[in-house]
Amino acid sequence: MPDAASIRPRLAALAALTPGWVDGECLPLADGAVPWLADWLEARAAEGMPVPYLYLTVEGELQAEWDIGRDGVEMTMDPTTRRAEWWDFDRDTSGALDMQDADAVAEWVAGWRARLQRPEVASA
């Protein structure tokens, strides 16, 4: 897993991708998105959420992937609307998250903490 110090450099590298970065069709990360996304991800790391792997989608959104034992979660973050959609890799659960709603974010992070304490995750 990446560490918190890797968040800003990774986002800066993704932001440096130009329009059409794959096959001439992909959108870049929105201007000004890096500071806000970095602050958001660093705050979640400080709350005990693992630091995700970060990728840029063809739509110019940020995709984060967390591995938790044999399980994992993906989240696609729209830096323009500051909303996100997440789902388990196995697609059993999913949801949407207003990344600016402190209560919703706190609840989402609490769910992470509970997942990390499950015996099957801790032993994986």
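The following conversation concerns a predicted model and a few of its residues.

Colleague: Where does Gln 63 lie?

Modeller: Gln 63 belongs to strand E2, which spans residues 62-68.

Colleague: Is Gln 63 buried or exposed, and why?

Modeller: Gln 63 counts as buried because its relative accessible area is 17%, and buried means under 20%.

Colleague: Which side chain has a polar contact with the side chain of Gln 63?

Modeller: That partner is Glu 65, and the polar contact is 2.7 Å. Setting aside neighbours within four places in sequence, Gln 63 is also in contact with several residues, including Tyr 53, Thr 57 and Met 75.

Colleague: Turning to the largest nonpolar core, which residues touch the most other members?

Modeller: The core has 29 residues, and those touching the most other members include Leu 11, Trp 40, Met 75 and Trp 108. Among the elements that give two or more residues to this core are helix H1 (7-15), helix H2 (33-46) and strand E3 (71-78). H2 gives the most, with seven residues.

Colleague: A new topic: what is phi of Asp 23?

Modeller: Phi of Asp 23 is near 55°, a positive value in a residue other than glycine. Asp 23 sits in the loop between H1 and H2 and is exposed, with a relative accessible area of 70%.

Colleague: And where does Arg 82 lie?

Modeller: Arg 82 is in the loop between E3 and E4. Its phi is positive, about 60°, although Arg 82 is not a glycine. Arg 82 is partly exposed, with a relative accessible area of 26%.

How values were computed
Residues numbered from 1 in each chain as written. Predicted model: local features only at pLDDT ≥ 70, side-chain atom pairs only at ≥ 80, totals over all residues. Heavy atoms only, no water. Helix = DSSP H or I, 4+ residues; strand = E, 2+ residues; numbered from the N terminus. Buried < 20%, exposed > 50% of the residue type's maximum accessible area, 1.4 Å probe, protein only. Polar contact = N/O pair within 3.5 Å; in protein donor to acceptor, adjacent residues only side chain to side chain. Contact = heavy atoms within 4.5 Å. Core = buried A, V, L, I, M, F, W, Y, C linked by side-chain atoms within 4.5 Å.
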